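Student: I would like to go through this structure with you and ask, for each label, what value stands behind it. Could we take the terms one at a time?

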Amino acid sequence: MTTSTYTVVGMTCEHCVRSVSEEVGAIPGVQDLTVDLATGALSVTTEAEPVADDAVREAVAEAGYSLA
């Protein structure tokens with residue numbers, strides 16, 4: 001398993017967390033993820049190879065936010 005950590009900018013509520021979780025969770029290969037509203041931390045766990053940073057960035061943007 002591989003875990004990558006990112007910082008999401010612009011989240012203000014639990015709805016934001018759910019939106020980011022839904023979009024990032026839909027990326028092929030993502031096994032698990034956690035989003036911390038207070039810090040903006042996003043941890044993405046995959047079974048084998050890490051997910052491409054661009055795929056995570058696009059998913060977060062689709063949810064309406066950006067990566068730091």
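This is a predicted model: local features need pLDDT of at least 70, side-chain atom pairs count only at pLDDT 80 or more; totals for chains, interfaces and linings use all residues.

Student: Which elements are included in what covers the buried residues of α2?

Tutor: The cover of the buried residues of α2 includes β1, α1, β3 and β4 (66-67). Residues are numbered from 1 along each chain as its sequence is written, and side-chain values use heavy atoms, with hydrogens and water left out.

Student: Which residues of α2 are buried, and how do you know that they line one face of the helix?

Tutor: The buried residues of α2 are Val 56, Ala 59 and Val 60, where buried means under 20% relative accessible area, exposed means over 50%, and partly exposed lies in between (1.4 Å probe, protein chains only). Seen down the axis of α2, these residues fall within an arc of 100°, so they line one face of the helix; the arc is that of the directions from the helix axis to the C-beta atoms. On the other side of α2, the residues Asp 54, Glu 58 and Glu 62 are exposed.

Student: Why is Asp 54 called exposed?

Tutor: Asp 54 has a relative accessible area of 52%, and the cut-off for exposed is over 50%, so the label applies.

Student: How many helices and strands does the chain have, and what makes it as compact as a globular protein of its length?

Tutor: The chain has two helices and four strands, which run β-α-β-β-α-β from the N terminus on. Its radius of gyration is 11 Å, close to the 11 Å that the globule rule gives for 68 residues, so the chain is as compact as a globular protein of that length. The radius is taken over C-alpha atoms, and the rule is 2.2 Å times the number of residues to the power 0.38. Of the 68 residues, 37% are buried.

Student: What is the span of α1 set against, and which of its residues are buried?

Tutor: Helix α1 (residues 14-25) has twelve residues and reaches 16 Å from its first C-alpha to its last, close to the expected 16 Å, the expected span being 1.5 Å times one less than the number of residues. In this helix, Cys 16, Val 17, Ser 19, Val 20 and Val 24 are buried. They cover an arc of only 165° around the axis, which puts them on the same side of α1. The face turned away from that buried side carries the exposed residues Arg 18 and Glu 22. The buried residues of α1 pack against β1 (2-9), β2 (30-35), β3 (41-46) and α2 (53-62).

Student: Why is Ser 4 called buried, and why is Gly 29 called partly exposed?

Tutor: Ser 4, in strand β1, has 18% relative accessibility and therefore counts as buried. Leaving out residues up to four places away in sequence, Ser 4 touches Leu 42, Ser 43, Val 44 and Pro 50, a contact meaning heavy atoms within 4.5 Å. Gly 29, found in the loop between α1 and β2, has 42% relative accessibility and therefore counts as partly exposed. Apart from its neighbours within four places in sequence, Gly 29 is in contact with Thr 45, Thr 46 and Glu 47.
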